[in-house]
Amino acid sequence: MMEMLYILQTVLLPIFIMIILGFILQKKFTLDLKTLAKLNIYVFVPGFIFVKFYKTDFELKLLLYIVMFFIIYIIVLYIIVKILTYFGAKDKGETTTLTNSVLFFNSGNYGVPVNDLVFKGDPLAMSVQVIVLSLQNILTFSYGIFSIQAVQIGKLKALLGYFKMPVLYALILALVLNYANIPIPKFIWTPANYVADGMIAIALILLGGQIANIQFSFRWSSSYVYIVMRLVVGPIIALLIIKLMGIEGVIAQTLFIASAMPTSVNSSVIAQEYDNHPELAAELVFLSTLMSAVTVVVVIYMSRILF
């Protein structure tokens, strides 16, 4: 119990303080969240990914292992969620919102800071987290946004929109420079680190601001079962896959913890933008983030015992 309280104090509490700060700032000053989001997407996240991938030495085999884990993990989750929604007799719009709440987890604004604090900046652990984050971004676009935008603006434009995102190119550039062992001049490396160091603070403040804009009704719903799916069942499935694949050590711990993250704010953003049960999506994001203060602590503690 003492160790879990220590994890809560040293890992989760600093993160929630930053989220609360963003919440208060949004309520008091009405921040321009769109500008913050653009800064995060186009500057801080690409800079962060570039620095972390360039500094880490890992084999291509590791990347393939993580991709394989992620694909299996998402497929299993998807099947279970589809079974739940089938027996729950939900309409198609609600089914999409509920499915997104389980498949889209907060690997960036929440997962990266947790990883940074748990592993104390370990470059290998952070690289694994960044790979998961990148795969989550691809999933969000392909399954979430692409499926909706394809109907409205066409599949080609929706696909081209993804290739305008700098995250993909930051990842590729970092991998190429890393494997080719090409040195980066100090006048470039220094500002790159400045950008990377600012990513976590901006991400958490943005998350707090986004939560502040969510409208809640707080009436009990059987849909909250999907929060349990995201926070409890998700890590259990990840644990089974990790064991079956024979993944060990820091990589196993990182993947296990990453699987326990709450529902991504993106699922609420998508639902609000396309008017697809936005109130339900907002409540699932907020409540899963709140409840993760307990579940993520347990998962971090279990990761130290199991691996």
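**A loop and its surroundings**

Modeller: Of the 307 residues in the chain, 51% are buried, where buried means a relative accessible area under 20%, exposed means over 50%, and partly exposed lies in between (1.4 Å probe, protein chains only). This is a predicted model, in which local features need a pLDDT of at least 70 and side-chain atom pairs count only at pLDDT 80 or more, while totals for chains, interfaces and linings use all residues. Residues are numbered from 1 along each chain as its sequence is written, and side-chain values use heavy atoms, with hydrogens and water left out.

The chain holds 13 helices and zero strands, both taken as DSSP runs numbered from the N terminus (helices are H or I with at least four residues, strands are E with at least two). Among its contacts (heavy atoms within 4.5 Å) between residues at least 6 apart in sequence, 87% join residues at least 24 apart.

With a relative accessibility of 5%, Asn106 counts as buried. Not counting residues up to four places away in sequence, Asn106 touches Gly111, Leu207 and the run Met261, Pro262, Thr263, Ser264 and Val265. Ser107 lies in this loop between helix 4 and helix 5 as well, and it is buried because its relative accessible area is 2%. The partners of Ser107, leaving aside its neighbours within four places in sequence, are Val112, Gln129, Val132, Leu133 and Gln136.

Further along the sequence comes Tyr110, whose partners beyond four places in sequence include Leu12, Ile15, Phe16 and Ile19, as well as Leu207, Met261 and Pro262. Tyr110 also belongs to the largest nonpolar core, a set of 92 residues in which Tyr73, Tyr110, Val114, Leu255 and Ile300 have the most contacts; such a core joins buried Ala, Val, Leu, Ile, Met, Phe, Trp, Tyr and Cys residues through side-chain atoms within 4.5 Å. Helix 2 gives the largest share of this core, 11 residues.

Now turn to helix 9, where Ile200 lies. Although Ile200 and Val112 are 88 residues apart along the chain, their C-alpha atoms are separated by 7.2 Å. Beyond four places in sequence, Ile200 is in contact with Val112, Pro113 and Asp116.

Helix 9 (residues 186–212) in turn packs with helix 1 (residues 2–29), their axes lying 7 Å apart at an angle of about 55°; each axis is a line fitted to C-alpha atoms over the stretch in contact, and angles run from 0 to 180 degrees between N-to-C directions. Helix 1 and helix 9 are therefore oblique to each other, since angles under 35 degrees count as roughly parallel, over 145 as roughly antiparallel, 65 to 115 as roughly perpendicular and the rest as oblique. From helix 1, residues including Ile15, Ile19, Gly22 and Phe23 meet residues of helix 9, among them Leu204, Leu207 and Gly208. By class, this contact of helix 1 with helix 9 has 12 nonpolar, four polar and one charged residues, with Ala, Val, Leu, Ile, Met, Phe, Trp, Tyr, Cys and Pro counted as nonpolar, Asp, Glu, Lys and Arg as charged, and the others, Gly among them, as polar.
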